[in-house]
Amino acid sequence: MSSDDAMELWITGAGMVTSLGTNKDACFEAFCAGRSGVDALQAFDDARFRTRNAYEIKDRTEGDEPLRATRWLCDSLNEAVAQAGLTEGSVQIPVLVGTGLRELRSVELFFADDAQFDVRDLHFGGNIRERVPGSGAVYTLSNACAASNYALALAEDMIRLGQTEIALVAGCDAITESMYGLLGRVSPVVAERLQPFDRDRKGVLMGEGASAIVLETAEHARRRSAKPLARLRSVGLSCDAAHETAPDCAGIERAMQDAHDRAALVAEDVDVIFVHGTGTFLNDRTEGAAIANVFGSTSKRFVLSGIKAMTGHTSGASGLVGVVTALLALAHKRVPATLGLENPIDEIAGMRMPTEVTNLPHLRYAQVNAFGFGGVNAVVMLEGGPT
Amino acid sequence: MTTTHGVAITGFGMELPGAATTTIADLLAEHLHAEAFDPKIRVGQKGVRYKDHATLLAMSAGQDALRNAGLPLSPASQLNPTCFGVVVSCNLGNANTVVDVVRTLRSQHADATSAMDLPNASSNVMASGLAIRYGLQGPNLMLCNGATSSLDALHLAANCIRAGRAKRMLVVGVEVDNEVTRAFSPAGERWFNGAVAVVIEDSEVAKARNAHVRGRLGEYRFASHNPGRAGVAHGEAPDVTRHVGNAYGAEGLVQLLASSQRVAESARRIVLACGHTFGDAVVATLEVELYA
């Protein structure tokens, strides 16, 4: 470990939009109340699909419309920027955006429904610079369902390398017809809701959302009298290099271990793990086994929380939806339950995955998992303020 | 955990089907493939079925660069696999898969779609495809960032090395020209159809394995609301668009490859510049030093 690791990184603002709310506090309240965003498909012709439900954001006025993901992305970035108290004076802040599906929904509407579409809107740079004050270079990273946690790693590196003192990090995804259809196509049974880590889970269902944070050095934040919501301790990365769609236990363990090592923490320190938990047979089993392998020797009673039970799988946004949820959990000392969990999978036997919202007065360290197609893994370690 | 070592370029590769008819081909002579692209000949029989065109082009260019860098191709014998990562830059690569699937859904039903299209519907299929094929278990990034994407990719790959996340990165730029991607082209013109690749390494690591160092990466800059591409110190980076079509997410890497073929006896500094495509008010530049 070099002296760089002493550099303290603060998260000073956050924003989130999901099927359960248009801002982070509304979302967190809904998660804690155990509400679900699942409903019948809003805009797709449901006769053409095997599954019929999704966790959509209900903001369409008539039929379907392009650039919805871009809208939520800019909204969540502006929520984060406002909370951090960034003024127009702070200009040219780099923005790292993680997304699984970019604006591919708009591409579908362009080809199938003659909607207007400009190829420059496939990535998010132009629209962010236009709508988010102070934003500069924008990087659209399309790293499947680990995208926004990967984006956070790249922002962490830029700051630790001294290339910038502050960065915005975000994730967003709108459901594409193609991905929704294909995921249903490969699912052996028809899922009506997403049940992370439950023995009777039926598979994944897509959700929509966006989330954003402001990340800066403690020194930069102090200079402008900004307060930390939490500290970013590390992001661990890996790639399975094993299979295009199936997860690999060893690759996931490597990302978790990398996150702990970079944070100079051990498994014993972790109080809560926000699991990736997509509700597919293989993903949950593999993630559960990886957690058991990495955390097996700890005697600590950490808790697991699977928020996709409430939001559905928000794809590339899901990592940072987890991070923003973790920030709020650290602030409120309160962890949302995993809605609908009845029979936890064998892999997490002996671990605590609460079915009621849990108050944890000593909650300090949170781990947020995100794993994606292609075996891309990114694990975030956060530290809350002193109790 | 960060390193102050420089970032060395140790391998170049490309897949430019049919490039022999262009002027830039002279600059790229070492790597030419005048014939049409046949993945079975270029990357082998195994595991190429069901892969989309962009992924196959990226694999071929990646293989070329790994060979050029003196690195193994087989995952089982890959050098420091957990410290070897991938960044691919591409904007349009999987659009045809997405559009094909939607057309099937609209005319038929999800049951008529192919499960084999599932990985191709995820935009990062090119980056993960390279990792699987060559056993690269380090950070794996797929950048889809418009006209500056290729130089952003080189910069972020170099950052992975500087931040101690990887010792070595394979960076690939790829775009495809087909019926679907051409519909995005504002004036209906053809896109660049091909892939270019470089291997970059922590310079100490390159030295330790006696790698042939072909260049070094220098400073990266990004500017928005800037007066235009002409306002950037353009160095001698060739105007590749004139020769190979709009290379979009691969452009800076095509510039780098073309420049690498023109280095005479001594070292040469160039500034790669990308941006200002379709009136985009952004420009990225990257300084590179190239050796003979």
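Predicted model: local features only at pLDDT ≥ 70, side-chain atom pairs only at ≥ 80, totals over all residues.
Two strands are said to pair if DSSP finds at least two bridges between them. By this criterion, strand β1 (residues 9-18) of chain A pairs with β8(A) in the antiparallel sense, over 3 bridges.

Strand β1(A) is mostly covered, with 10 of its 10 residues buried.

Strand β8(A) has a further partner in strand β14 (residues 376-383) of chain A; the two run antiparallel and are joined by 8 bridges. Of the 10 residues of β8(A) (residues 230-239), 8 are buried, so the strand is largely enclosed by the rest of the structure. In a regular strand, side chains alternate between the two faces of the sheet.

For G384(A), the backbone oxygen lies 3.5 Å from a polar atom of the side chain of R231(A). By contrast, N343(A) is 112 residues from R231(A) along the chain, and the C-alpha atoms of the two are separated by 34 Å.

A second residue of chain A, G100(A), lies in the loop between β4 (93-98) and α3 (104-112). Its relative accessible area is 5%, and a residue counts as buried when this value is under 20%; G100(A) is therefore buried. Leaving aside neighbours within four places in sequence, G100(A) is in contact with S142(A), A144(A), A147(A), C172(A), D173(A) and G316(A), and also with S123(B). G100(A) and D261(A) are 161 residues apart in sequence, with a C-alpha to C-alpha distance of 27 Å.

Attention now turns to the pockets. Rolling a probe the size of a water molecule over the atoms shows where empty space is left. The second largest pocket has a volume of about 400 Å³. Its lining consists of 17 residues, and those nearest its centre are Q163(A), H155(B), Y220(B), R221(B) and F222(B). The elements giving two or more residues to this lining are β5 (135-141) of chain A and, from chain B, α7 (149-162) and β6 (215-224). The largest share, 6 residues, comes from β6(B). By residue type, the lining of the second largest pocket divides into 9 nonpolar, 5 polar and 3 charged residues.

Chain B, which contributes to this lining, has 11 helices and 8 strands. Of its 292 residues, 63% count as buried. Among the contacts in chain B between residues at least 6 apart in sequence, 73% join residues at least 24 apart.

Note on methods. Residues numbered from 1 in each chain as written. Chains lettered and ligands numbered in written order. Heavy atoms only, no water. Buried < 20%, exposed > 50% of the residue type's maximum accessible area, 1.4 Å probe, protein only. Helix = DSSP H or I, 4+ residues; strand = E, 2+ residues; numbered from the N terminus. 1 Å grid on protein atoms, 1.4 Å probe; cavity = no way out; pocket = protein on both sides within 12 Å on 5 of 7 lines; lining within 4 Å. Points joined across faces, edges and corners; volume = space filled by probe spheres on them. Nonpolar A, V, L, I, M, F, W, Y, C, P; charged D, E, K, R; others polar. Polar contact = N/O pair within 3.5 Å; in protein donor to acceptor, adjacent residues only side chain to side chain. Contact = heavy atoms within 4.5 Å.
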